Amino acid sequence: MRRLAHYCQALRRIVHGIPDAKSGVKSVSTLTAHHSFPALFVRGGTSNGLIIQRRHLPPQEQWHTVLPAAMGSPDSYGRQLNGMGGGISSTSKICVLAPSTRPDADIDFTFVQVGIKDGVLDLAGNCGNMSSAVGPVAWDEGLVADRASKVQDAGETAGYREALVRVFNTNTSKIVHSRFRVNGDPPAYCHEGDYEMDGVPGTQSRITLSFLNPAGAKTGKALPTGNAVDLLTLPDGSQIKASLVDVSNPGVFVRIDDLGIENPNTATFTPQAVESDSTLKTRLEAIRQAGAARMGLDPKTESVPKIVLLFPESGSADIDIRCLALSMGQAHKAVPLTLALCLGAAANMPGTLAAQVRGMKLKSGGSGSVVIGHPSGTVEIGATIEDGQIVSADLLRTARVLMKGEVFY
């Protein structure tokens, strides 16, 4: 019995890291200790994932040795049960942050999409949803310098203060301005508020994201081929019209009725319906790859471009255009935010399929606000346009830190 009690005490020291009474040394295994890194588990918009400081990771060329395992990939079952991922593209995301040395940015942000089944790290594009969490987390984690100069009143009617964090996204080499509510002394991010976002329960404080000069994020041009509409030839010899647009992230936009689907509507043409139709998914992937090749991108890179299907009717007077998007081969239950930005811009470009469906023409100046319908609700994209050029694309999101600690891999 005494031996059993001694064994239990030793086990308790190992599990809880209690120092040995004689040596004062913790009994935690060094193997366990060095297979972890500090991180936050955060929801950004309709996505969630890990946010990690770059200084806590090995050099970028070695990220493949730690990040897939932390997320639970590769997983042939597609569930990521052995890590922090959630088994779908919108919950298999990582943000890596570091202070920026650029004069126009406070933070450098690298987005990583982790392949669920294969564990491949995809750094080809940005994630707009997770971008909403970057500014608040960087602020609270002390990564932003000269914070006092970056806080101002949100306005007389608002009754609260806002902070501005300038983010440089390394994936697209674009600047994003993030404005969010702060309170206290010293000021800290406050997620409480009355803003309601479709796809997320409850209300929280709004985060305003402004994507500056978002055109040509990967190809250098808003219309990579120079055409508002291209005719894509697929491996089976069939052809389909598509608008290939690169704003914030590249997108391949096609009309649902051009796919031969009769009377598509939101009641029958849902993400679940798309997921259950393997023939349709195979055709959509062929269209995506054909669009990628025409844009000068790698067709085998799943994250960019993404394909977006446009409904012939919005179904509501309050919605300008309705879509269903695919991300990493899966039908999205809302809409990838950078694709919403791209669609909002496309709807303001004369001649594109999005503009044809919307039935509007590009304004020569001011704001080209577009309300986009998606499977979980709507999102409004504001575009500031000057002399036919998109100066910024703006939208509102919410974000919240869910956990903070060590991630083991």
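**Helices, cores and salt bridges in the predicted model**

Helix α6, spanning residues 278-295, comprises 18 residues and extends 26 Å from its first C-alpha to its last, close to the 26 Å expected at 1.5 Å a residue. The buried positions of α6 are L280, L284, I287, R288, A290, G291, A292 and M295. The buried residues of α6 pack against the strands β13 (230-233), β14 (239-247), β15 (249-255), β16 (306-310) and β17 (321-327), and against helix α5 (271-275). After α6 comes G296, which has a positive phi, near 85°.Across the whole protein there are 8 helices and 23 strands. Of the 409 residues, 51% are buried. Among contacts with a separation of 6 or more, 60% are accounted for by residues 24 or more positions apart. The protein exposes about 18900 Å², and carbon and sulfur atoms supply 50% of this area.

The largest nonpolar core contains 58 residues, and L97, F253, L310 and I372 have the most contacts inside it. Helix α7 (residues 337-346) provides the largest share of this core, 8 residues. Apart from this core lies another, of 24 residues, whose members include I240, V254, L284 and A290. Two of the residues named for this other core, L284 and A290, are also among the buried residues of α6. For F253, leaving aside residues up to four places away in sequence, the residues touched are K241, A242, S243, V245, V308, L310, L339, C342, L343, A346 and L353.

Helix α7 is largely enclosed by the rest of the structure, because 10 of its 10 residues are buried. These residues are L337, T338, L339, A340, L341, C342, L343, G344, A345 and A346. Among them, L339, C342, L343 and A346 are touched by F253.

Helix α4 is also mostly covered, with 12 of its 13 residues buried. The buried positions are G128, N129, M130, S131, S132, A133, V134, G135, P136, V137, A138 and W139. At V134 the helix bends by about 25°, and a proline, P136, follows within four residues. After α4 comes G142, with a positive phi, near 80°.

The salt bridges in the protein number 9. In one of them, the side chains of K150 and D106 meet at 3.5 Å, N to O. This pair links distant parts of the chain, 44 residues apart: K150 lies in the loop between α4 (128-140) and β6 (151-153), and D106 in the loop between β3 (93-99) and β4 (107-114). K150 and D106 are both buried.

A further salt bridge joins the side chains of K404 and E141, at 3.1 Å, N to O. K404 is placed in strand β23 (residues 399-408) and E141 in the loop between α4 and β6, so this pair ties together parts that are 263 residues apart in sequence. K404 counts as exposed, at 59% relative accessibility, whereas E141, at 26%, counts as partly exposed. Through salt bridges that share partners, D106, K150 and R166 are joined into one network.

The side chains of R102 and D104 also form a salt bridge, at 3.0 Å, N to O. R102 has a relative accessible area of 33% and is partly exposed. D104 is likewise partly exposed, with a relative accessible area of 30%. P103 lies in the loop between β3 and β4. With a relative accessible area of 77%, P103 is exposed, because this value is over 50%. The C-alpha atom of P103 is separated by 9.9 Å from that of R166, a residue 63 positions away along the chain.

How values were computed: Residues numbered from 1 in each chain as written. Predicted model: local features only at pLDDT ≥ 70, side-chain atom pairs only at ≥ 80, totals over all residues. Heavy atoms only, no water. Expected span 1.5 Å × (residues − 1). Buried < 20%, exposed > 50% of the residue type's maximum accessible area, 1.4 Å probe, protein only. Contact = heavy atoms within 4.5 Å. Core = buried A, V, L, I, M, F, W, Y, C linked by side-chain atoms within 4.5 Å. Areas by Shrake-Rupley, 256 points an atom, 1.4 Å probe, with all protein chains shown as cover. Salt bridge = Lys/Arg side-chain N within 4 Å of Asp/Glu carboxyl O. Bend = angle between axes of the 7 residues up to and from the residue.
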